[in-house]
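Please read this briefing with the sequence and the 3D structure open beside it. The points are grouped by topic, so that each can be checked in turn.

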Amino acid sequence: MLSSRISNQMATQLSRGNLTNAYARLVDLQRQISSGKQIFKPSDAPADTIRTLTHRSDLRRNTQYERNAQDAEGWLATIDNTLVTAQTYINKVRDLVIRGKDGSQATNRDVIADEVDQLRLSLIALGNTTYAGRAVFAGTGDTQQTFNGTTGAPLAAVNLLEVRRPVADGETLVVNANNVETFGTYIGTAGGTYTGSLFEVLEKISTDLRNDDLSATGLEAALGALDTARQRMGIVQSSAGAKTRRVDDVLSRNLNLDGDLRHAISELEDVDMAKVLLDLKVQESNYQAALSVTARVIQPSLVDFLR
Amino acid sequence: MSDFAGLNIALSGLLAHRRASEIIGNNISNANTEGYSRQRVDLTPATMGPVGAVFSRSRNVGEGVRIAAVTRARDILLERRHLAESGHQAGYQTIQEMTGLLEGIFNEPNDSGLAAQLGDLWANWHDVGTDPTNLGARSALLAKADQVAATLRKAATDLTSLRDEVLTKMQTMVDEVNGKLDRVAELNERIATAVGSGLHPNDLMDQRDLLVEELGEQIGVQAFEGPAGTVNLSVNGISVVNGNAAMHLSAPAAVAPPGGSPLAAVGWNEYVITQGPFRVTFARGEAAGLMDTMNDLLPRYLRDLNGVANTLVTDVNALHTTGWGLGEGGPVPARNFWDPAGTTALTIGLDAAVVGQPSRVAASGNPNSLDGYIAQALAALSSSATGADREYQTMVGELGVESQAAIQRVAIQGGIVEQVDVERKAVSGVSIDEEMINLTIAQQAYNASARVVSVIDEMLDTLMRMAL
């Protein structure tokens with residue numbers, strides 16, 4: 001309660017103070033409405049500011065992980081498609097070998113061998129498949145292709161290192177397949193060998209066909225070698241498929257997290273319009289009331305009533 | 001008792017009430033004057049004294065009215081409380097202003113603040129890790145890193161120049177304060193002289209008290225009543241005005257901080273103000289806020305910012321030196337990303353070896369390789385619990401808490417100051433209604449005294465006619 005004695009300075013000071021406070025609250029509300037934000041500087045809400053900053057950095061990281069996962073998906077899909085095609089080629093070779101082993105085809109063996117050679121070159125080309133300018137079977141080597149186009153020998157720059165993509169905090173996916181696990185170890189025997197890489201196996205088949213070599217170490221061993229190569233490829237392909245599913249999971253998880261984070265940031269930073277508008281209405285009438293009362297209180301004094 | 005004594009009595013009434021109406025006029029004129037204390041005329045009956053002269057014959061009627069004193073209406077307790085509370089308020093307001101400026105320097109939360117830039121930087125490392133052959137991504141990374149460094153340097157420069165501005169402000173204020181201390185001492189002397197001559201130097205006292213009040217807000221002086229209406233002032237126990245003698249504060253000087261002080265490490269000095277052989281520390285007033293800003297607030301945040309820069313440089317270089325650039329083979333080039341000499345916010349910058357050389361950014365963990373392992377490991381620093389991001393976020397949070405506390409403190413203290421001020425003005429402020437009533441009373445009394453004169457005149461007239 002005010003003191004018993006009221007001086008004019010005191011009355012104006014009190015009214016002025018109250019009016020200033022009311023106006024400041026009004027301006028604050030107007031600012032919130034016009035910007036749609038309720039945090040302008042850390043002191044508006046220190047704890048919420050830290051949470052906003054953390055959420056924002058999580059969101060940015062999440063967006064980046066999404067891009068990484070999309071890149072991973074590209075690598076894995078490329079490998080998957082390549083190996084599906086490669087396996088149909090191997091199956092064709094398998095059919096050709098069976099035809100070539102048939103005694104009635106003796107005169108056609110050179111033609112069959114030519115066909116095998118063509119398929120071999122196609123498979124080497126598949127082995128040189130690239131994704132976004134990177135040879136997918138070349139490890140992390142700095143090279144545009146994996147294999148020599150004619151011999152099928154891995155290039156010197158090719159290595160067996162993993163290409164990794166971080167897709168979440170602490171979660172890294174290996175998105176490539178190296179040339180050895182996909183195509184077998186290249187040995188380099190002239191004329192090819194059934195114990196070497198896929199391309200050497202095909203070279204040996206072609207050689208055996210041209211030489212009419214149907215012995216146990218000749219064409220007889222070809223089918224076993226082809227089956228081994230196809231199995232090897234099958235393992236790599238199913239691994240790529242499993243990883244693709246994992247990437248899909250990561251992407252959908254990412255999408256959920258993205259929504260959650262945006263929601264959380266909006267909860268913290270954005271204004272609850274209905275509430276603020278109501279506050280503004282109340283504050284406006286408060287301010288107007290304060291103005292009119294002040295105008296009435298300050299004006300009159302005894303001077304007006306004395307002659 | 002002469003026959004004309006009645007006229008004298010009426011005259012004293014006329015004079016006293018004319019003087020009273022003058023004082024009331026003065027009060028009304030000063031209704032809006034800051035620091036003015038309303039004045040009151042103390043009237044007292046004039047008597048001939050308990051012992052009359054030898055030939056006087058007192059009729060015990062009285063000799064009219066006399067002005068005993070013109071006094072200032074002031075409550076000394078409230079004045080002193082107001083001095084102390086407004087001093088605290090001025091100190092708090094300074095701190096609030098400074099933390100507000102700091103918030104402006106860091107400008108968070110914001111899509112373009114340092115937190116956002118750091119996030120972008122880590123995202124750029126991800127891009128380089130995903131596609132190490134992409135020179136565009138590498139250039140973007142270098143540009144972003146340069147921007148982060150520039151932002152850090154800008155913030156550090158802003159802190160430094162803010163310190164300089166505060167120092168200048170403090171020096172100017174000390175000069176002003178010294179002038180005011182002189183004037184208080186001078187007014188003290190004039191007041192003492194006037195009081196010694198039996199006068200009431202109310203206006204001088206008001207002037208002096210206004211100065212004291214300003215000094216209270218500036219340097220938080222405490223006032224003590226001295227003899228003969230004077231006031232002595234002291235700052236936190238050190239006397240600055242004693243009667244008619246004023247001491248001077250010397251402008252803040254940088255002193256080497258005591259050994260082991262962390263301030264030395266970041267190139268800050270502690271500032272002190274001295275008065276003769278004494279070191280003046282301010283407990284309140286704007287000076288307390290400014291000195292706190294220079295000696296604690298700004299150094300603390302610069303130190304935190306340096307910590308962020310240091311973590312960034314150290315963490316990134318530790319990994320970067322273990323990697324290979326694009327198309328590089330052979331032994332590890334052991335190249336730094338940040339200039340290892342610049343581990344403060346003011347000196348952070350890219351290493352000369354990578355500036356303009358995007359292919360030299362060591363993204364790979366193996367020679368002649370496109371693995372991007374190092375870039376990926378660097379990108380993972382963004383979620384490190386001890387990384388630069390977290391350090392910076394913590395710092396911003398601390399600033400927010402400190403600034404919010406300052407705002408609340410000012411609001412609370414503002415309430416207290418207002419309360420005391422209102423109570424003070426209730427005693428010493430002018431109320432026009434009250435003055436009008438007093439004026440009416442004085443007017444009526446004057447009129448009545450004049451009436452007494454004319455009645456006595458008529459009586460004397462009657463007496464004269466008898467003589468005819």
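This is a predicted model: local features need pLDDT of at least 70, side-chain atom pairs count only at pLDDT 80 or more; totals for chains, interfaces and linings use all residues.

**Backbone features in chain B**

Asn236(B) sits in the loop that runs between β4 and β5 (238-242) of chain B.

- Although Asn236(B) is not a glycine, its phi is positive, at about 45 degrees, and with a relative accessible area of 42% the residue is partly exposed.
- Ala228(B) also has a positive phi, near 55 degrees, and Ala228(B) is a residue other than glycine.
- The place of Ala228(B) is the loop between β3 (222-225) and β4 (231-235) of chain B, where its relative accessible area of 35% makes it partly exposed.
- The peptide bond that leads from Glu108(B) to Pro109(B) is cis, and its omega is near -10 degrees.
- Pro109(B) belongs to the loop between α2 (76-106) and α3 (114-130) of chain B.

**Overall form of chain A**

- Chain A contains seven helices and four strands, and when these are read along the sequence they follow the pattern α-α-α-β-β-β-β-α-α-α-α.
- The radius of gyration of chain A is 39 Å, whereas a compact globule of 307 residues would have a value near 19 Å.
- Taken along the principal axes, the box filled by the C-alpha atoms of chain A is roughly 140 × 30 × 25 Å.
- Of the 307 residues in chain A, 45% count as buried, and the chain exposes about 15,300 Å², of which carbon and sulfur atoms supply 53%.

**Confidence in chain A**

- The mean pLDDT of chain A is 90, and 99% of its residues reach 70 or more.
- Among the elements of chain A, the lowest mean pLDDT, 87, belongs to helix α1 (residues 8-35), while the highest, 94, belongs to helix α3 (residues 109-127).

- Ile298(A) is part of helix α7 (residues 273-298) of chain A, and its relative accessible area of 42% makes it partly exposed.

**Salt bridges**

Side chains of opposite charge can pair when their charged atoms come close. Over all chains, a search of the whole structure finds 49 salt bridges, and the examples below show where some of the partners lie.

- Glu171(A) forms a salt bridge with Arg253(A), and the closest N and O atoms of this pair are 3.0 Å apart.
- Because Glu171(A) lies in strand β4 (residues 171-174) of chain A and Arg253(A) in helix α6 (residues 222-269) of chain A, this pair ties together parts that are 82 residues apart in sequence.
- Glu171(A) is buried, at a relative accessible area of 18%, whereas Arg253(A), at 45%, is partly exposed.
- Asp258(A) forms a salt bridge with Arg262(A), with the closest N and O atoms 3.0 Å apart.
- Asp258(A) and Arg262(A) are four residues apart in helix α6 of chain A, so they are separated by about one helical turn.
- Asp258(A) is buried, with 13% relative accessible area, while Arg262(A) counts as partly exposed at 47%.
- In chain B, Arg38(B) forms a salt bridge with Glu434(B), and their closest N and O atoms are 3.8 Å apart.
- Arg38(B) lies in the loop between α1 (5-29) and β1 (39-45) of chain B and Glu434(B) in helix α10 (residues 432-467) of chain B, so the pair ties together parts that are 396 residues apart in sequence.
- The relative accessible area of Arg38(B) is 10%, which means that Arg38(B) is buried, whereas Glu434(B) is partly exposed at 24%.
- A network of salt bridges in chain B links several residues, among them Arg72(B), Arg74(B), Glu79(B), Asp206(B) and Arg208(B).

Definitions and conventions. Residues are numbered from 1 along each chain as its sequence is written. Chains are lettered from A and ligands numbered from 1 in the order in which they are written. Side-chain values use heavy atoms; hydrogens and water are left out. Helices (H or I, at least four residues) and strands (E, at least two) are DSSP runs, numbered from the N terminus. Buried means under 20% relative accessible area, exposed over 50%, partly exposed in between (1.4 Å probe, protein chains only). The radius of gyration is taken over C-alpha atoms; the globule rule is 2.2 Å times the number of residues to the power 0.38. Accessible areas come from the Shrake-Rupley method with a 1.4 Å probe; for residues, only the protein chains shown count as cover. pLDDT is the predictor's confidence in each residue, from 0 to 100. A salt bridge is a side-chain nitrogen of Lys or Arg within 4 Å of a carboxyl oxygen of Asp or Glu.
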